[in-house]
Amino acid sequence: MKESMWGTYIIGFGVIAIAFIFFFQNVSNTSEQNYELLQEITEAAMYEAVDMATYKATGNIRIDAEKFAENFVRRFAQSVSLGNYYIIDIYDVQESPPKVILRISTKLDSNVGGELVEFDIVDNINAILETPY
C-alpha cells in the first residue's frame, strides 16, 4: 500500500512540475519574442521612414513621424501571434535627429488551478537611428 501511494505522489508531482514549466516557458518566450520584434521592427521602420528629399537636399538625416508610426504598426501586426492582446504606445518621435521611444504591453492569460490569471508583459525601447558617414 505504501509503494502505491508513493507512486501516486510522484506522478502527481510530475504533472504539476510539467504544468509550471509550461506556464513559465510561455511567459518568458512571449517577453523575449516581443523584445526582439520591437528591436528589429523599430530599426526597419526608422530606415523606411527616412525622408530622402531632405537627405538629398541638405545631407541631414530626418524621419517622417507619421510614416514611422504607420510602418511600425503595419510590421508589428504582421509579425506577432494572434492569440495575444497588444497595446502599442509611441511616446516620442523626434524627426531630426531621428529618435523614438516605444512601449509594447501584452496581456497574457493563463488558467491556473481553475482560476484565470493575467500577466502584463511590458517592453520598452529608446532607439536612435545611427548611420555611418
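Which residues are linked with Glu48 in a network of salt bridges? In this predicted model, Glu48 is joined in such a network with Arg74 and Arg75. The structure holds six salt bridges in total.

Arg62 takes part in two further pairings. Asp51 forms a salt bridge with Arg62, the closest N and O atoms being 3.1 Å apart. This pair links distant parts of the chain, with Asp51 in the loop between α1 (2-48) and α2 (52-58) and Arg62, eleven residues away, in the loop between α2 and α3 (65-79). Arg62 also forms a salt bridge with Glu95, for which the closest N and O atoms are 2.8 Å apart. Here the linked parts are 33 residues apart, Glu95 being placed in the loop between β1 (85-94) and β2 (99-112). Asp51 is partly exposed, at 23% relative accessibility; Arg62 is likewise partly exposed, at 27%, and Glu95 has a relative accessible area of 27%.

Asp120 lies in strand β3 and Lys107 in strand β2, so the pair ties together parts that are 13 residues apart in sequence. Asp120 counts as exposed, at 54% relative accessibility, whereas Lys107 is partly exposed, at 33%.

Asp123, located in strand β3 (residues 115-128), is buried yet has no salt bridge. The nearest side chain of opposite charge, that of Arg103, is 9.3 Å away. Beyond its neighbours within four places in sequence, Asp123 is in contact with Ser31, Asn34, Tyr35, Leu38, Leu102, Arg103 and Ile104.

Definitions and conventions:
Residues are numbered from 1 along each chain as its sequence is written. This is a predicted model: local features need pLDDT of at least 70, side-chain atom pairs count only at pLDDT 80 or more; totals for chains, interfaces and linings use all residues. Side-chain values use heavy atoms; hydrogens and water are left out. Helices (H or I, at least four residues) and strands (E, at least two) are DSSP runs, numbered from the N terminus. Buried means under 20% relative accessible area, exposed over 50%, partly exposed in between (1.4 Å probe, protein chains only). Lys and Arg count as positive and Asp and Glu as negative; His and the chain ends are not counted. A salt bridge is a side-chain nitrogen of Lys or Arg within 4 Å of a carboxyl oxygen of Asp or Glu. Contact means heavy atoms within 4.5 Å.
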